[in-house]
Amino acid sequence: MDEYLRGIADDFLRYWPVYCSIPVVAALIGYVTKLVAIRMMFQPLNFTGLRLRGKPFLGWQGIVPKRAARMASIACDTMTQQLVTPREVVERLDPERIAKEIERPLLAATEEIVTDIAAEYQPGLWEALPERVRRLVVRRVQAEAPKMVAAVMDAIKNDVESVFDLKDMVVTSLVKDKALLNRIFQEAGHKEFRFIARSGLLFGGLIGIVQMVVWLAFRVPLIMPLFGLFIGWFTDWLALKMIFRPKEPTRYLGLFEWQGLFIKRRAEVSEAYAELIAREIITPHNVIEAVLRGPFSDKVVTLIQRQVDAELAKQTSFAKPLVVMAIGSRRYQEMKARIADQVMARLPETLHYIEDYAEDAMDIRNTLVSKMKQLDADEFEGLLRPAFQQDEWILILTGALLGAACGELQVQLVLHLTT
C-alpha cells in the first residue's frame with residue numbers, strides 16, 4: 001500500500017503541471033458549456049441548418065425565438081393578468097386634453113377631408129360655392145372635430161375591452177421582433193446568466209480536483225469523459241436551481257446563506273423589466289396602432305361612423321333632405337362612411353402629437369414597478385422562468401455531451417504527456 005501511494009506521489013511530482021491542469025480544464029469545461037447553453041437559448045434568431053422538404057431537419061434555432069409565440073403569450077399573461085390591464089393603460093388619458101393636443105393638426109386634416117369629400121360627391125357644386133361660404137362650412141366642421149375626437153375617446157374608454165386587445169398587441173410585437181423578445185429575458189436576467197457562466201468555473205474546478213485525484217489513483221481512461229459528462233450536466237443543473245431556489249433566504253451548513261438570485265434581485269429586475277416594457281412595447285404609438293389597426297379596429301370604425309352620423313345630423317338637419325335629394329340616399333350613406341374612413345386614416349398621424357402627453361399620463365413604467373413589487377415569489381419567478389423551462393433538458397444534455405467530448409480530448413492529452 002505504501003509503495004502504491006509512493007508511486008502515485010512520484011508520478012504526481014514528475015508530471016505535476018499536467019495533473020494540475022486537470023482542474024483548470026474542468027473549470028473551463030464548466031464555463032464553456034454554460035456559455036454555449038446560454039447562447040443556444042437565444043441564438044440564432046432563425047433556423048440554421050438543413051431542411052427536408054422545406055421543413056427544419058438538422059440544425060438549431062434559439063429556444064426563445066423558436067418558441068416565440070408561446071414565450072410571448074406566457075410573458076404577456078403575466079403582464080396583462082397581474083401587472084397592467086387594458087383599462088389601466090387607457091383610462092388615464094383625458095379625452096379633452098387629447099382633443100386639445102391634436103387641435104392644430106386636426107384642423108388641417110379636417111379641412112382636407114371636407115374639401116376632398118365635397119369635391120368627390122358634389123364636384124360641381126363645391127367649386128361653384130363662394131370662397132366665403134366654403135370657409136364657413138370648413139370652420140363649422142373644424143369647430144366640431146375636436147369634440148368628435150373627444151367623444152370617440154370617451155366611447156373607447158367606456159368599453160375599452162371591446163376595442164383594445166392588449167395581449168394581441170404585446171404578442172404580435174414580440175413574435176414580429178424576436179430580438180426584442182430575447183432582450184426581455186436577457187435584460188431582466190443578465191446577472192443570472194452571468195452567474196450561470198461563472199458558476200461553471202467554480203463548480204467545474206472543484207469537481208476537477210476530485211477528477212485529478214481519481215485519475216491519479218486509478219488511471220482509467222474512461223474517468224475523464226465520465227467526469228466531463230458529469231461536470232457539464234451537474235453544473236448546468238445546479239446553476240439553474242440556484243437562480244430560482246430557495247425562494248426565501250436559507251442558511252446551509254451553518255456557513256453561508258443563499259436565496260434564489262432572481263428572487264433576491266426583485267427590486268433591480270422590476271426596474272429593468274418595467275423600463276424595457278414601457279420603452280419598447282406598451283408605448284403610446286403601439287397602443288394607438290393597436291386600437292386603430294388591431295383585431296377590434298372595425299369597432300373603432302363603427303364608433304367613428306356613429307359620431308360622424310350624429311355630427312352630420314346636427315350640422316345639416318335642416319339641409320339633409322336637400323343633400324339626399326342632390327346626391328341620393330345611397331350616396332349619402334357612402335359619403336358618411338367615406339368621411340369616417342378618412343378620419344380613421346388620418347388619426348394615426350394626427351394622434352402622433354399626443355404621444356409625449358400619453359406617455360406621461362399612462363405612466364406604464366411606474367405602474368409596472370409598483371405592481372411587480374406586489375407579486376409573490378411564484379408569480380415573480382414566472383417573468384423569467386419560461387426562458388429556462390422550454391426545452392431545458394436540451395441545454396443540460398448539450399452541456400453534458402460537450403463536457404464528455406472535452407473530457408475525451410483531455411484524457412488523450414494527459415496520456416500523451418505522461419507516457
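## Basis

This is a predicted model, in which local features need pLDDT of at least 70 and side-chain atom pairs count only at pLDDT 80 or more, while totals for chains, interfaces and linings use all residues. Residues are numbered from 1 along each chain as its sequence is written, and side-chain values use heavy atoms, with hydrogens and water left out.

## Aromatic pairs

Searching the whole structure gives 10 aromatic pairs (rings of Phe, Tyr and Trp, the last by its six-membered ring, with centres within 6.5 Å; planes under 30 degrees apart count as stacked, over 60 as edge-to-face and the rest as tilted). One of them is the stacked pair of Phe12 and Tyr19, at 6.3 Å centre to centre and 10° between the planes. Phe12 is partly exposed, at 25% relative accessible area, whereas Tyr19 is buried, at 0% (buried is under 20%, exposed over 50%, partly exposed in between, with a 1.4 Å probe and protein chains only).

Trp233 and Trp237 are also stacked, because their ring centres are 6.2 Å apart and their planes are at 15°. Both lie in helix α14 (residues 223-244), 4 residues apart, about one turn of the helix; helices are DSSP runs (H or I, at least four residues), numbered from the N terminus. Trp233 is partly exposed at 38%, and Trp237 is partly exposed at 34%. Together with Phe230 and Phe234, these two form one aromatic cluster.

## Helices α12 and α13

Helix α12 (residues 178-188) packs against helix α13 (residues 190-218) at an angle of about 70°, with the axes 4 Å apart. Axes are lines fitted to C-alpha atoms over the stretch in contact, and angles run from 0 to 180 degrees between N-to-C directions. The angle makes α12 roughly perpendicular to α13 (65 to 115 degrees; under 35 is roughly parallel, over 145 roughly antiparallel, the rest oblique).

Phe185, Gln186, Glu187 and Ala188 of α12 make the contact with His190, Glu192 and Phe193 of α13, where contact means heavy atoms within 4.5 Å.

Conventions
Helix = DSSP H or I, 4+ residues; strand = E, 2+ residues; numbered from the N terminus.
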